[in-house]
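Here's a quick briefing on the aromatic contacts in this structure.

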2 protein chains.
Amino acid sequence: METIKVGLIGFGTIGTGVARLLLEQAKRISLKTGKNVKLVKIADTDVTRPRNVKLPKGILTTDYHDILNDPEISVVVQLIGGTGIEREIMLEMLAAGKNIVTANKALLATCGEEIFNAARKKGCSVAFEAAVGGGIPIIAAISESLAANEIQSIHAILNGTCNFILSNMEENGSDYAPTLAEAQRLGFAEANPAMDVEGSDTAQKLAILSHIAFGVRVNWKNIPKVGIETVSGVDFRYAKLLGYSIKLLATARRIKGKRSEHDKLELSVSPTLVSRKSPLGEVKGAFNAVSVMGDAVGHSFYYGLGAGEMPTASAVVADVIDTIVGRTKITFQTLDLFDQEKLPADGIALAAPEDTTGRYYLRVTVEDRAGVMAEIADVLGKAGISIASLIQEDSAEQNAKRVSLIIMTHETTEGAVSNAIAQINKMKCVKTRTMKMRIYG
Amino acid sequence: METIKVGLIGFGTIGTGVARLLLEQAKRISLKTGKNVKLVKIADTDVTRPRNVKLPKGILTTDYHDILNDPEISVVVQLIGGTGIEREIMLEMLAAGKNIVTANKALLATCGEEIFNAARKKGCSVAFEAAVGGGIPIIAAISESLAANEIQSIHAILNGTCNFILSNMEENGSDYAPTLAEAQRLGFAEANPAMDVEGSDTAQKLAILSHIAFGVRVNWKNIPKVGIETVSGVDFRYAKLLGYSIKLLATARRIKGKRSEHDKLELSVSPTLVSRKSPLGEVKGAFNAVSVMGDAVGHSFYYGLGAGEMPTASAVVADVIDTIVGRTKITFQTLDLFDQEKLPADGIALAAPEDTTGRYYLRVTVEDRAGVMAEIADVLGKAGISIASLIQEDSAEQNAKRVSLIIMTHETTEGAVSNAIAQINKMKCVKTRTMKMRIYG
């Protein structure tokens, strides 16, 4: 039986899970590949910290060149996050002809084109199932299983930290700050949670999904995003009353071009009211989920753990197996990932955010006096925004002279809503910044 | 660009969808394969009935030999159901060196080994994503994306007809017979619905999933199955009260062997109380869903349309693409599908149904007199079955002298419950056959 040597860069949580699977489940992996798959080198800056895996002697190194310069290592699992030295290491590995398996979404969402071009130049492959949705095989689903479809939309919960915080706010009726603190205490949020809670992590994953589903090249920094810190405990109460949950939703939606116009693509990341009748509305805790609409398959839905040692390692090792048996190479070649020159002539362009359409939830906090409701309704009416339903309630705030208006709109544009809110926020009767969320399902 | 010629056998509902995708979306498929994929021949006994697709002249034939004997056709999509002439045609196609894409679950679940061996002998592949779960890519998920896992269990809703009927019974509080009639009227159930409602279709799909997930060879006829005609409208009422829905659930569950014993596999198809907190409990209408537990990935869940023209065609054409680019060949070779000689020595054996464990829902209809409850409880107690909860209610039947006892048991064995029910059904105070269902989630 042929032996395939594998190197691992990054011996953190996921790296430990990958090492455990490759070392402890060697027989299983050999059955799936027909090869003897051997993890021979693990590089990390910290090789002394104890990890929950028994290692062969001499496997650890602090110098990734031990992997780079070993010509017998054909597959490199790169699990270090970031876009600086991590980019350089990956390009060096590709230049040396190594096939890459990675979970580094930031790097792919930032320098994907450079990395994929470098791989193509050397006839190597880059596999990245673990970069989006952890253990959910969403990259394979979109790039292979749904290949016969024109993808119409993707709606996804891609950040377990945010979903954990939002689920807990919903369940406990608590506000953002104390829930974040609790999540940090429990290890579900990082000490610096900015990348998660501000939506950057989700935007990076959405950029990768959009590349493979729609063939667009988008810098993740250009995806409009709103973080979850904008959501209040009261919003969950109103959402529930109306039959909705609140999720940090990544949205990619094809907008059909009229007549000879090209299709356009709406991309956004924002807290969204998600119907409890939709499978996405029932995704709780640290789980991730992806809802995909294809023109042939209709609605399909994928759910699982989006992070954590073993779920992510499951995706990484599946990629290692695919790389070894040759499936990755085929997929990588046929997908023409991020290859600017092979963009189809009828490609899809990004929609201007203000032109995208949807229904909206607005929470306006106003002075409790006669005529206020009419003034707000007047602004919305003049902006062409039609009201679908309305709840008026005494504000939960201490100042009893305020009331909350919860307005659900009919379909309108982001631009119309933003303009109307800017006007509303300037009104004397409006006491705090108006809360706005899109509605899904 | 190289041209790949495809033949299609069976021009029914799914065949029409496949023809539509291959003919109308040729550009899309060429982008995904890098080849010019051309549907050149469609064979069916009926070539005159109008279908919703525009066909090139001369493409239709009533003689499948026109496909068999065309050496330029390398991929054959075989969409005729059944295990007689269909088996012969498939073996002839494989002997002629054609690569097969099929949705014929009955054939694979009955003669899988013979067909896969015939394919291996000629270096051909057989792809069958569409045979289980329609548009849900569950074959790819289990055989590729979850390859790093030891699968612990599969719980699945695999028959849209049954789920449609059960969902409607639940929603309308109706009984089985009128709901089936309504489903037939709407086209969701066949004139002869036996294969669906008795669980045979589900058992065939479960046999295929079990092959790829656990490496077992099982004749689908040996999978214990209970049909949905056993479920009454009142069962939905009690299930709802207790927080459950009722689904025709396909179950495959690994039972870990103690010490040096091999693992065993529990297989069953039966109406099951499914917790509404589980994603499976919320699957409504004609949708299918599969819940998979892997030892690394944890819980993962897949949902979509399990039948119908375009969802199934989506899976078929994905297989055509995979076959053309070469992924299917790799997967087919590495999976060693149904290859008796390559069975791992530590393979899994089927568990005896009576030894399998679970919690149970029992509905016992008894005479309304003092002491009856004690008699029933005594039988259960002597069988070592412990009661978790109990509801006693006047029977909805006209004879007011009867009451229904709804008993939820703690974990016990199928054998103990079956024996206890046999005794209970013989008691004078018991008025109708006791209803028994497993509980999941």
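**Aromatic contacts at a glance**

Counting rings of Phe, Tyr and Trp (its six-membered ring) as a pair if their centres lie within 6.5 Å, you get 13 aromatic pairs over all chains. Keep in mind that this is a predicted model, where local features need pLDDT of at least 70, side-chain atom pairs count only at pLDDT 80 or more, and totals for chains, interfaces and linings use all residues. Residues are numbered from 1 along each chain as its sequence is written, chains are lettered from A and ligands numbered from 1 in the order in which they are written, and side-chain values use heavy atoms, leaving out hydrogens and water.

**Across the chains**
- A:Tyr302 and B:Tyr302 have ring centres 6.4 Å apart and planes at 80 degrees, so they're edge-to-face (planes over 60 degrees apart).
- That pair joins two chains, because A:Tyr302 is in strand E11 (residues 298–305) of chain A and B:Tyr302 in strand E11 (residues 298–305) of chain B; strands are DSSP runs of E, at least two residues, numbered from the N terminus.
- Both tyrosines, A:Tyr302 and B:Tyr302, are buried (under 20% relative accessible area, 1.4 Å probe, protein chains only).

**Within chain B**
- B:Phe287 and B:Tyr303 have centres 4.7 Å apart and planes at 5 degrees, so this pair is stacked (planes under 30 degrees apart).
- B:Phe287 lies in strand E10 (residues 287–294) and B:Tyr303 in strand E11, so the pair ties together parts 16 residues apart in sequence.
- B:Phe287 and B:Tyr303 are buried too.

**Cluster and charges**
- One aromatic cluster is formed by A:Phe287, A:Phe301, A:Tyr303, B:Phe287, B:Phe301 and B:Tyr303.
- A:Arg237 has its charged end over the ring of A:Tyr238, 5.0 Å from the ring's centre (the cut-offs: CZ of Arg or NZ of Lys within 6 Å of the ring centre and within 35 degrees of the ring normal).
- In chain B, the charged end of B:Arg237 sits over the ring of B:Tyr238, 5.0 Å from its centre.

Definitions and conventions:
Helices (H or I, at least four residues) and strands (E, at least two) are DSSP runs, numbered from the N terminus. Buried means under 20% relative accessible area, exposed over 50%, partly exposed in between (1.4 Å probe, protein chains only).
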